[in-house]
Amino acid sequence: MDDSTTVVTSSTQVVRPFKVIAVILIVICVAVMIAVLANNTWITAAGFHQGLWNECYNGTRIIPTLPSGLPATQTPSDIKCQGAPVIGWLSACQALTIMALLLTVIGLVLAIIALFKGKRFANLYKIAGVLQFVAAVFMLVTLALFPVMSVQQETLLNRSNWELAWGYGLGWGAFLLQVASGILLVFAPDKQEIYYSEKTYYQ
């Protein structure tokens, strides 16, 4: 071959917009899940708030009831956080949320591999989507279990104005992101594709 000959090679890359959107949703979901695990504001009440790992309160942890049946008055003080007690239902919520995060991360890795490797790895999209659905089920169980059991705990007895807070709301946000990304990965049509070509010149 003459040294002056130019060799041109071309390659075509396929990008599936629905899959790209799904990957973006999973990335956001991972960030939200980390916030869900880290915050201490799943449920709040007067002088009290709790997350999966810590409970924070002022005065005493449990407000005693006087012989008259009325709650004892506590001296206002700064809120201090302690590790949440080891309770079966709370440990289950912790474990399910951690597993949901791990499945979401694994699904993200598989979806990214499929995105960059092309059609040969297209089956990874469906596997990643199934993992998102399983993670969503874990989150749904946690989101159902936590409020039902929390309101029965002695820490909330005699405390007024209890409500589910923003940390709990983030959990629902993560659940919706998992469902949405799972739908896009498993059911979104691959017919909507963007093609672009790359050319490489060698002297």
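How far apart should the ends of α2 be at 1.5 Å a residue, and how far apart are its end C-alpha atoms?

**View 1. Helix α2 from end to end.** The 30 residues of α2 should span 44 Å, and its end C-alpha atoms are 43 Å apart, which agrees. The expected span is 1.5 Å times one less than the number of residues in the helix. Helices (H or I, at least four residues) and strands (E, at least two) are DSSP runs, numbered from the N terminus. Just after α2, G118 takes a positive phi of about 90°. This is a predicted model: local features need pLDDT of at least 70, side-chain atom pairs count only at pLDDT 80 or more, and totals for chains, interfaces and linings use all residues. Residues are numbered from 1 along each chain as its sequence is written, and side-chain values use heavy atoms, with hydrogens and water left out.

**View 2. The aromatic pair W89 and F146.** Rings of Phe, Tyr and Trp (its six-membered ring) pair if their centres lie within 6.5 Å; planes under 30 degrees apart count as stacked, over 60 as edge-to-face and the rest as tilted. The count comes to 5 aromatic pairs. One of them joins W89 and F146 edge-to-face, at 5.7 Å centre to centre and 65° between the planes. W89 lies in helix α2 (residues 88-117) and F146 in helix α3 (residues 123-150), so the pair ties together parts 57 residues apart in sequence. Buried means under 20% relative accessible area, exposed over 50%, partly exposed in between (1.4 Å probe, protein chains only). W89 counts as buried at 10%. F146 is buried too, at 0%.

**View 3. The tilted pair F133 and F187.** Ring centres lie 6.4 Å apart with planes at 45°, so this pair is tilted. F133 belongs to helix α3 and F187 to the loop between α4 (166-186) and β7 (194-202), so the pair links parts 54 residues apart in sequence. F133 is partly exposed at 26% relative accessibility. F187 is exposed, at 60%.

**View 4. The largest nonpolar core.** Such a core is a set of buried Ala, Val, Leu, Ile, Met, Phe, Trp, Tyr and Cys residues joined through side-chain atoms within 4.5 Å. α1 (17-38), β2 (43-45), α2, α3 and α4 each supply at least two residues. The largest share, 11 residues, comes from α2.
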